[in-house]
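Thanks for coming, everyone. I'll keep this brisk. Have a look at the model first, and then we'll walk through it.

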Amino acid sequence: MVKAVVFAYHNIGVKALKVLLKHNVDVSLVLTHEDNPNERIWFDSVKVLCQKKGLKVITPDNPNQHKIIKKIKHIKPDFIFSFYYRHMLSEDILKLAKRGAYNLHGSLLPKYRGRVPINWAIIHGESETGATLHVMTKKPDQGDIVAQQAVPIHIDDTAKEVFDRVTDAAVKALDDVLPKLIKGKAPHHKQHLHEGSYFSGRKAEDGQINWSSTSFSIHNLVRAVAPPYPGAFTYVNGQKLTILRTSLKPTNDAIAKTMGADNTPLYILALELDGQPLDGDEFKKRFPKGVRPDC
């Protein structure tokens, strides 16, 4: 039986960990995060899963500290896996995996290396993304690719909907390749980094709508940061409106109609004022000139 140390968080962490257990991998140690009380927790808990399965789990603030490295070295793992873990792992940790250290990333590498790849893919209007299992190296998301699974992004999909699809793709990619990986027969393909891109993280304030963008770009931003993410927003008469759902197609459900800089119609399907939803009548009463700040 092969031994593994697993760094995991979020739904992908929970489901990928279950795949390892399904294939009889000896998960000797799991490292995860304590949930941030200031963050909306809408996903499953790796820590709870470990407690149910009787797996040893710890939640260090810094996984690269000496005592953690010493603990992993004592385990002598065959593999180290990272499943949506939020910290970079040092070379001192990666080299402790006798047969390799692997990460599941939420894009089709080399595209969208770095942080929040699903959100960025939607913002850029992609029609496809996916999940990649790759070798971990000193620099993020640059190691050899072992498995990939693509999923579509439909024109009205939100980030949560795509995230769920990518999670399933990640599980399938890992499940399909793990027997070959354990046997030492999984092919490794070098990334061509010039064919991809790297993106940094996003903050809530990055969701402010730029009305000089096209309607398509605004629509993409809205769905990329729709709940459970903080939402796209604008200010009208000093009041913050959060736009939760839009459509480029006419619909009877629209609360309002607006447009971007290209004058293409954009239909607002859901929005909030100070955290409270507004229906069509209330919106028209409060904002007779619409959502654009310059109206």
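Let's start with T158. Buried or exposed? T158 is buried, because its relative accessible area is 5%, and the cut-off for buried is under 20%. Keep in mind that this is a predicted model. T158 sits in the loop between β8 and α6. What does T158 touch, beyond its neighbours within four places in sequence? Its contacts there are I122, R223, A226 and R245.

Now to the elements on either side of that loop. The sheet is open and has 7 strands. Read across, the order is β3-β2-β1-β4-β5-β7-β8, and the pairing is mixed. At the edges are β3, residues 57-58, and β8, residues 145-152; each of these pairs on one side only. The partner of β8 is β7, residues 128-135. Those two are antiparallel, with 7 bridges between them. In that pairing, T129 has V151 of β8 as its bridge partner. Helix α6 packs on this sheet. α6 touches β4, β5, β7 and β8, and its direction makes about 150° with that of β8.

Next, β4. How many of its residues are buried? The count is 5 of 5. F79, F81 and F83 point one way, I80 and S82 the other way. β1, residues 3-8, runs parallel to β4, joined by 5 bridges. V5 has I80 as its bridge partner in β4. With β5, β4 pairs in the parallel sense again, over 4 bridges. There, F81 stands opposite Y102.

That brings us to the core. In soluble globular proteins, nonpolar side chains tend to be buried together. Here the largest nonpolar core has 47 residues. Which of them touch the most other members? They are V6, L17, L20, F81 and F83. Helix α6, residues 159-183, gives this core its largest share, 11 residues. Take L20. Not counting residues up to four places away in sequence, L20 touches V6, V25, V27, F81, F83, L174 and L178. There is also a second, separate core of 20 residues, including W211, I218, V222 and I268.

The largest pocket has a volume of about 1000 Å³. It is lined by 39 residues, and Y84, R86, R115, V116 and P117 are the closest to its centre. Both β5 and α5, residues 117-123, supply at least two lining residues each. β5 gives the most, with 3.

Most residues other than glycine have a negative phi, and most peptide bonds are trans. Where are the exceptions here? The bond from L109 to P110 is cis, with omega near 15°. P110 is in the loop between β5 and β6. Y112 is in the loop between β5 and β6 too, with a positive phi of about 55°. Y112 counts as buried, because its relative accessible area is 7%. Another cis bond joins P227 and P228, with omega about 15°. P228 is in the loop between α7 and β10. D274 also has a positive phi, about 50°. D274 lies in the loop between β13 and β14. D274 counts as exposed, because its relative accessibility is 62% and the cut-off for exposed is over 50%.

That's my tour. Over to you.

Key
Residues are numbered from 1 along each chain as its sequence is written. This is a predicted model: local features need pLDDT of at least 70, side-chain atom pairs count only at pLDDT 80 or more; totals for chains, interfaces and linings use all residues. Side-chain values use heavy atoms; hydrogens and water are left out. A nonpolar core is a set of buried Ala, Val, Leu, Ile, Met, Phe, Trp, Tyr and Cys residues joined through side-chain atoms within 4.5 Å. Buried means under 20% relative accessible area, exposed over 50%, partly exposed in between (1.4 Å probe, protein chains only). Contact means heavy atoms within 4.5 Å. Two strands pair if DSSP finds at least two bridges between them. Axes are lines fitted to C-alpha atoms, for helices over the stretch in contact, and angles run from 0 to 180 degrees between N-to-C directions. On a 1 Å grid over the protein atoms alone, a cavity is a set of points where a 1.4 Å probe fits but cannot get out, and a pocket is an open set with protein on both sides within 12 Å along at least five of seven lines; lining residues have an atom within 4 Å of a point. Grid points are joined across faces, edges and corners, and a volume is the space filled by probe spheres set on the points.
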